[in-house]
Amino acid sequence: MNYKNLFEKYNEGGKLLLPDATVTFDAIPWSKHPAFEGVEFKAIITSEKTDGQFRYHLVRIAPDKKIGSHIHGKQLETHEVISGTGVCVNDGVELPYEAAVIFIFPIGIPHKAPQG
């Protein structure tokens, strides 16, 4: 499977269907991550829209860049890896970060990804 093309399908033609709305991904601009150089995201659902319960975004990480160690105090975080490889650290445990893998980072647990 060509995972790069799969990512572009999400990026350019993807959409979120909700009972009361449709969110088209191509209408959302990429934003630079405020803390991690080379990391960009599309805010599909912001925490403001869910009363802080969760947020959902597409993320792309430039080659040789990473999301450094951090902790979320109010929300769990998930990663659904579509393409790329590296090593993720979840609660001190190194795990392979690769296509077709899902990660769950609980509230208050340090994590970072990917380390190539």
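E40 is partly exposed, because its relative accessibility is 21% (buried means under 20% relative accessible area, exposed over 50%, and partly exposed in between, with a 1.4 Å probe and protein chains only). The model is predicted: local features need pLDDT of at least 70, side-chain atom pairs count only at pLDDT 80 or more, and totals for chains, interfaces and linings use all residues. Residues are numbered from 1 along each chain as its sequence is written, and side-chain values use heavy atoms, without hydrogens and water.

Beyond neighbours within four places in sequence, E40 is in contact with residues including W30, L58 and R60 (contact means heavy atoms within 4.5 Å). R60 also lies over the face of W30, 3.9 Å from the ring centre (for Lys NZ or Arg CZ, the cut-offs are within 6 Å of the ring centre and within 35 degrees of the ring normal).

The largest nonpolar core has six residues: V81, C88, Y97, F103, F105 and A113. Such a core is a set of buried Ala, Val, Leu, Ile, Met, Phe, Trp, Tyr and Cys residues joined through side-chain atoms within 4.5 Å. A second, separate core of five residues includes F25, I28, I44 and L58.

There are two aromatic pairs. Rings of Phe, Tyr and Trp (its six-membered ring) pair if their centres lie within 6.5 Å; planes under 30 degrees apart count as stacked, over 60 as edge-to-face and the rest as tilted. Y97 and F103 are stacked, at 5.2 Å between centres and 15 degrees between planes. F103 and F105 have centres 6.0 Å apart and planes at 5 degrees, so this pair is stacked.
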